[in-house]
Amino acid sequence: MKNVMLVVGVFVIMFFIAINYLTPQEIPMINIDENVNIYIVADPHYMSNKLTEDSETFTNYLESVDRLMHYTGFLLTMVEKDIKENKQDIVVFPGDLTNNGSRINHLEFEKRLKRIKSSGAKVYVVPGNHDIGNEKALKFKDNDIHLTDYLTHAEFVEIYQDYGYKDAVLRDENSLSYLVKPYQNLWLLMLDTTKDHPAPGGYLNRDTLDWIISCSEMAKAENAEIIAVMHHNLLDHSEIVWEDYTVDNNTSLVNTFLESGIKVVLSGHIHIQDIKSTTSSQTDNTVYDIATSSLPVFPHQYGKLIYSPSKGYKYETVKLNVEKYALENNITDENLLSFNTYAEEFFVENLCRKHRKSISILDLTDEEKELVYYTVSEMNKRYFAGYRNESLKELIETEGFKIIESLDECFIQEYVMGMIDDEYADNNFIEIPPSQDP
Ligand SMILES: [Fe+2]
């Protein structure tokens with residue numbers, strides 16, 4: 001009996017050695033003209049129906065946020081369908097997977113990832129500032145707000161082990177960052193930029209920056225391209241709204257990426273659609289921070305990145321056609337059947353009305369204030385959707401804009417001028433050529 005167990009034991013050990021030995025060869029290689037499709041689903045803020053109710057308290061909460069909390073599951077179901085129909089190779093979620101990090105939200109969200117993975121796509125996640133140790137994990141019941149269970153760092157890794165952590169070839173000792181090799185020549189550096197809750201801002205410590213450099217050296221030795229994915233932004237996406245959005249030590253991180261030759265960073269967090277880039281004066285290397293807007297925030301879209309070794313990168317956004325989906329699937333919810341109007345009105349009511357306060361203190365007549373509000377809210381809709389500069393031309397010609405231009409320096413003027421003096425006119429599309437001959 002002892003001998004049989006010994007033979008079985010040796011067989012099991014040899015089997016695992018063989019698996020480990022064979023694994024590198026099993027990782028596919030992207031051929032020179034082949035395309036790899038990557039979906040980027042930013043800040044889905046998934047909230048379980050079990051935590052919400054049809055009550056005044058929940059309605060008041062909805063009005064305090066920028067996102068359609070009660071449709072997060074519906075919108076994710078639409079994305080799942082798109083992924084299955086379009087056969088994506090990779091899907092990345094750059095954090096804020098859940099609303100307020102409730103355990104039940106994470107457990108239900110993981111089931112959705114399992115369905116996505118079963119369609120053949122490789123799925124990777126990193127945490128956002130909402131996801132871990134969130135003592136404000138909320139539940140709405142009996143017309144009141146209650147606290148509910150949240151996750152520790154270890155529990156996050158356990159729940160999401162099949163979406164990056166188990167396949168990681170390297171894990172950072174100082175954070176939940178990891179490196180995966182979905183292809184021999186395309187790796188993903190999944191960076192955990194979160195601080196301890198409730199800090200909304202992001203940071204990477206010196207040891208993690210050194211770890212990034214060692215990952216990039218490995219990639220160079222194996223002729224692999226690296227794409228970085230992180231929740232917080234690498235670069236400022238607004239001249240006035242950047243604190244707690246851009247990582248605190250972004251100069252060090254930008255330099256690390258530029259030195260490492262990492263040129264594409266996929267981020268979220270700021271909830272607007274925006275692309276910024278910076279170029280090193282010494283090496284001429286450029287790094288692009290592509291911030292994809294939050295799925296439950298107007299205009300409800302996700303990102304699609306196509307990578308080819310010979311052509312480089314092509315990024316574009318895909319706007320969900322909720323009305324068409326609702327009609328085709330016999331959905332009776334009037335909000336979904338007339339989603340374009342509903343979502344736009346929700347956005348104006350919840351986000352743009354915040355600007356009313358800034359406008360109300362201006363030395364203008366009521367009629368002028370209304371003209372200014374019209375221009376600011378119309379521009380804001382397009383700004384969140386990724387449009388700037390000449391894309392806002394028709395609004396630059398409005399009476400409201402002329403009034404804003406003539407104001408003394410103030411927040412509203414600075415905010416509006418920032419929209420028409422930006423890096424790109426359309427932040428929904430960019431092509432980035434390969435850095436060297438493949
Ligand atoms: Fe978010």
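This is a predicted model: local features need pLDDT of at least 70, side-chain atom pairs count only at pLDDT 80 or more; totals for chains, interfaces and linings use all residues.
Local features need pLDDT of at least 70, side-chain atom pairs count only at pLDDT 80 or more, and totals for chains, interfaces and linings use all residues. Residues are numbered from 1 along each chain as its sequence is written, and side-chain values use heavy atoms, without hydrogens or water.

Start with confidence. The average pLDDT (the predictor's confidence in each residue, from 0 to 100) is 92. A score of at least 70 is reached by 94% of the residues. Residues 10-22 stay under 50.

Now the metal. Donors are N, O and S atoms within 2.8 Å of the metal (3.2 Å for Na, K and Ca); water is not among the atoms, so sites may look incomplete. The iron ion has protein donors Asp-43 (OD), His-45 (NE2), Asp-96 (OD) and His-271 (NE2), at 2.2 to 2.3 Å. Along the chain their spacing reads D-x1-H-x50-D-x174-H. The arrangement is irregular because the 4 donor atoms subtend angles of 90 to 175 degrees.

Last, helix α7, residues 250-260. Helices are DSSP runs (H or I, at least four residues), as are strands (E, at least two), numbered from the N terminus. Buried residues in α7 include Leu-253, Val-254, Phe-257 and Leu-258. Among the elements covering the buried residues are α6 (206-221), β9 (225-230) and β11 (274-279). Just after α7, Gly-261 takes a positive phi of about 75 degrees.

Terms used. Four donors count as tetrahedral if all angles lie between 85 and 135 degrees; four count as square planar and six as octahedral if opposite donors are over 155 degrees apart and all others between 65 and 115; anything else is irregular. Contact means heavy atoms within 4.5 Å. Buried means under 20% relative accessible area, exposed over 50%, partly exposed in between (1.4 Å probe, protein chains only).
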